[in-house]
Amino acid sequence: MGTVEPQVASDAQTPDSKDQVTDGFQLVIDALKLNGLDTIYGLPGIPITDLTRRAQAAGLRVLSFRHEQNAGYAASIAGFLTQKPGICLTVSAPGFLNGLNALAHATVNCFPMILISGSSEREIVDLQQGDYEEMDQLAIAKPVAKAAYRVLHADDIGVGVARAIRAAVSGRPGGVYLDLPAKLFAQSIDAELGKKTLIKVVDPAPKQIPAPQSVRRALDLLKGAKRPLIILGKGAAYAQADSEIKNLIEKTGIPYLPMSMAKGLLPDTHELCASAARSFVLPGADVVMLIGARLNWLLSHGKGKTWGGKGHKDWGGQKFIQVDISPQEADSNVRIDAPVVGDIGSCVSAFLSEINSGWAKPPADWTSAIQEKKTSNVAKMAETLAKNPSPMNFHSALSVVRDIVKANPDAILVNEGANALDFTRSIVDMYKPRKRIDVGTWGIMGVGMGYCVAAAVVTQQPVIAIEGDSAFGFSGMEVETLCRYNLPVCIVIMNNNGVYKGTDTDPTGRDPAPTVFVKGARYDKLMEAFGGVGVHATTPAELRKAMEQAIRSKKPTLINAVIDETAGTESGRITSLNPSAKKK
Ligand code: ADP
Ligand code: TZD
Ligand code: MG
């Protein structure tokens with residue numbers, strides 16, 4: 001620990017005996033506990049080592065990682081899964097910066113998270129006198145956080161934590177930074193007074209009821225539609241309004257398309273699910289209702305050829321209804337004819353109360369055309385999945401994963417990579433809400449092992465991670481963490497020897513190509529090094545056996561699934577965003 005400050009912050013009494021005194025460490029712990037925040041994802045060191053120890057002693061779950069980025073991703077997804085801010089705890093400057101990536105990720109994906117970092121002495125930092133791990137962390141966090149606060153006095157900890165919680169979960173959720181300078185922790189104040197400074201946040205994410213007029217406008221538009229479509233995004237999954245959303249779709253009979261992390265909100269096998277006819281419904285729809293989904297790059301900005309527009313920026317002619325908690329989201333890419341601002345539970349309930357009084361199903365020519373497309377695409381896919389090539393390819397391996405997930409619908413599926421991501425998303429059906437967690441809005445690599453830890457800890461369900469070999473490398477060292485906490489996680493590495501594929505070569509013959517890795521790498525040995533189960537699988541049968549065994553045993557398992565190194569495509573499904581590939 002750094003300097004120990006005698007005491008400050010409280011006016012009246014001088015503490016006369018040790019047990020009537022509390023300190024900054026304790027108040028942080030008490031403030032978190034008081035608000036039901038019982039899990040910390042972090043990495044110890046100056047000045048927060050004692051905070052991790054004392055939090056653990058006080059009954060909080062403290063999960064210690066090998067790199068702060070992974071702890072941060074764990075906290076971010078815990079926020080998504082629980083609607084409570086996930087807490088990431090780091091040391092100053094470098095630890096803080098390592099965690100910052102995840103904070104930005106939380107903000108971009110609308111996940112509630114609080115990054116708490118210890119920081120160095122304010123006076124020295126502000127005069128830039130070269131303190132240990134000196135950095136103006138608050139200033140650096142601000143641009144990527146939804147909000148950022150610093151607490152200087154122990155009797156402000158209660159307010160600091162309360163503000164951080166409200167900022168993280170209210171309205172559009174996001175990442176919040178809380179800066180706690182080293183000196184704060186050792187400040188002691190009278191225990192009774194300290195207790196009174198704590199705040200139990202009342203109604204941290206208040207309901208936001210939509211204006212009746214906006215609800216009517218939206219329903220009028222939807223009623224007049226000949227080819228309506230509902231798009232469910234991860235905001236809809238986050239909102240935990242599962243039965244309302246199911247009712248809306250089933251009562252209206254409108255086909256829907258789930259975005260990646262909204263898969264399973266209704267089972268992907270639902271008759272109204274249009275996933276297998278995506279490239280038919282997007283250009284074909286005349287009215288589209290977005291529920292917790294932004295018209296960003298993942299939806300081609302609501303225009304262009306994907307939507308039936310002539311050129312890449314041309315409007316396809318759709319009218320849009322957008323249900324979102326953020327009043328600023330509408331019109332961000334194309335005109336939104338009927339914005340409905342509110343929380344998804346309240347908005348969908350408002351729709352339902354109107355719809356209950358009768359709703360005509362969409363015209364049969366639209367729904368039957370979708371059905372036809374689905375049937376033919378599903379049949380084509382089934383044919384591909386049934387093949388058993390040697391070496392194994394993405395399809396034959398994922399056909400196994402598809403069966404395992406079907407048999408274990410409560411398991412959480414973590415997914416990252418390029419081809420390993422795109423193929424899994426389209427091949428593996430999800431059956432329940434919030435079971436699929438992946439690379440999110442930025443399409444980032446590195447979320448894998450942090451997500452596995454948090455998913456196992458907060459849901460107490462088995463976790464299956466389908467990882468590209470490159471993707472896995474970003475957080476691979478956390479297999480030790482999985483073993484240390486003995487978490488029921490089954491990792492499958494789709495090992496195609498590299499980024500996208502393993503076949504590139506250096507034209508000069510000097511080095512390996514930038515996209516390729518050591519051929520035939522044995523990632524399974526990595527898991528064995530820490531006492532977990534490692535399996536080398538070269539056939540679908542071996543993969544199936546190993547996955548079944550992993551789920552049954554609940555032991556941390558890593559299956560190195562050998563995939564044909566020629567099988568992938570450059571950038572997976574987003575080749576068009578790749579400038580060099582476009583030129584070819
Ligand atoms: P996807 O990537 O699945 O399309 P996005 O992350 O783009 O989803 O969109 C999620 C949207 O959901 C954001 O615009 C966010 O404001 C919104 N959102 C998040 N939580 C809620 C909620 N409880 N009620 C309404 N909207 C929400
Ligand atoms: N760095 C980060 C943090 N995020 C990224 N998305 C990338 C780099 C670029 N990138 C992708 O977009 S996918 C990918 C990288 C490096 C890895 C793809 O290789 P993989 O998957 O082995 O994980 P496939 O199955 O071989 O395609
Ligand atoms: Mg790969």
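**Entry 1: a buried asparagine.** I looked up N496 and found that it counts as buried because its relative accessibility is 4%; buried means under 20% relative accessible area, exposed over 50%, and partly exposed in between, with a 1.4 Å probe and protein chains only. G498, at 3% relative accessibility, counts as buried too.

**Entry 2: what I am reading.** I note that this is a predicted model, in which local features need pLDDT of at least 70 and side-chain atom pairs count only at pLDDT 80 or more, while totals for chains, interfaces and linings use all residues. Residues are numbered from 1 along each chain as its sequence is written, chains are lettered from A and ligands numbered from 1 in the order in which they are written, and side-chain values use heavy atoms, with hydrogens and water left out.

**Entry 3: the metal.** Which residues coordinate the magnesium ion (ligand 3)? I found D469 through OD, N496 through OD1 and G498 through O, at 2.0 to 2.1 Å. Donors are N, O and S atoms within 2.8 Å of the metal (3.2 Å for Na, K and Ca); water is not among the atoms, so sites may look incomplete. Along the chain, the donors of this magnesium ion are spaced as D-x26-N-x1-G.

**Entry 4: strand β11.** I went to β11, residues 287-291. Strands (E, at least two residues) and helices (H or I, at least four) are DSSP runs, numbered from the N terminus. Five of the five residues of β11 are buried, so the strand is largely enclosed by the rest of the structure. V287, M289 and I291 cover one side, V288 and L290 the other, and all are buried.

I then checked the neighbours; two strands pair if DSSP finds at least two bridges between them. Strand β9 (residues 228-232) runs parallel to β11 and is joined to it by five bridges. I231 has L290 as its bridge partner in β11. β11 also pairs with strand β12 (residues 319-324), in the parallel sense and over five bridges. There V288 stands opposite F320.

**Entry 5: an open sheet.** I traced six strands in the order β3-β2-β4-β5-β7-β6, paired in parallel. β3 (61-64) and β6 (147-150) stand at the edges with a single partner strand each, so one side of each has no neighbour in the sheet. Within the sheet, strands β4 (residues 86-90) and β5 (residues 113-119) run parallel and share five bridges. C88 has L115 of β5 opposite.
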